[in-house]
Amino acid sequence: MPPPPPSPTVEVYWRPGCRYCAAMRATLGDAGVSARWCNIWKDPDARAFVRSVADGNETVPTVRVGDEVMVAPRPHKVVERVAEIDPSLVADSRPWPPLRLAHLIVVATLLVAAGAVMVGTDSSWGTPLVGVALAAHMGLRWMRGRRAAVVDAGH
């Protein structure tokens with residue numbers, strides 16, 4: 001019987017301010033997938049690699065799973081691919097991990113409350129609640145991304 005294939009190395013090529021990269025970080029964090037994160041704005045070799053696989057563009061996120069390269073993949077496709085190669089690398093394959101479910105409940109509750117206040121009072125009292133909902137969303141998204149074992153390869 002041949003030995004099992006080695007576990008894939010997951011590398012994510014990203015840049016600061018990219019919302020698709022933030023979504024990738026959150027999704028990989030939810031799934032417990034460890035990745036090496038290469039900032040293309042700080043690492044010229046990473047930038048050159050992305051250009052070589054993305055028709056000369058700096059399209060991020062670009063993800064390498066083992067020898068396979070995916071340009072701008074949907075985050076769940078990366079998790080699925082990692083699970084296909086080595087299921088032990090995906091810690092949580094449930095569709096709604098607890099932190100993601102909490103994220104959804106908190107933000108939805110704040111937005112519903114804001115809407116109810118605005119509709120019921122003819123004033124802008126609900127507007128601050130929308131801001132709180134946005135802040136909660138960003139904070140919870142950051143927390144979800146921090147769950148992943150992340151190695152930042154930026155210099």
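**Exercise 1.** Classify Glu80 by accessibility, then find its salt-bridge partner.

*Solution.* Glu80 has a relative accessible area of 39%. Buried means under 20%, exposed over 50%, and partly exposed in between (1.4 Å probe, protein chains only). Glu80 is therefore partly exposed. Next, the partner. Lys77 forms a salt bridge with Glu80, with the closest N and O atoms 3.8 Å apart. A salt bridge here is a side-chain nitrogen of Lys or Arg within 4 Å of a carboxyl oxygen of Asp or Glu. Lys77 is partly exposed too, at 44%. Last, the location. Both residues sit in helix α3 (residues 75-85), 3 residues apart, about one turn of the helix. Helices (H or I, at least four residues) and strands (E, at least two) are DSSP runs, numbered from the N terminus.

This is a predicted model: local features need pLDDT of at least 70, side-chain atom pairs count only at pLDDT 80 or more, and totals for chains, interfaces and linings use all residues. Residues are numbered from 1 along each chain as its sequence is written, and side-chain values use heavy atoms, leaving out hydrogens and water.

**Exercise 2.** Which residues are linked with Glu11 in a network of salt bridges?

*Solution.* Start with Arg36. Its side chain meets that of Glu11 in a salt bridge (3.0 Å, N to O). Glu11 lies in strand β1 (residues 10-14) and Arg36 in strand β2 (residues 35-39), so the pair ties together parts 25 residues apart in sequence. Now take Arg64. Arg64 and Glu11 also meet in a salt bridge (3.0 Å, N to O). Arg64 lies in strand β3 (residues 62-65), so this pair ties together parts 53 residues apart in sequence. The network links Glu11, Arg36 and Arg64.
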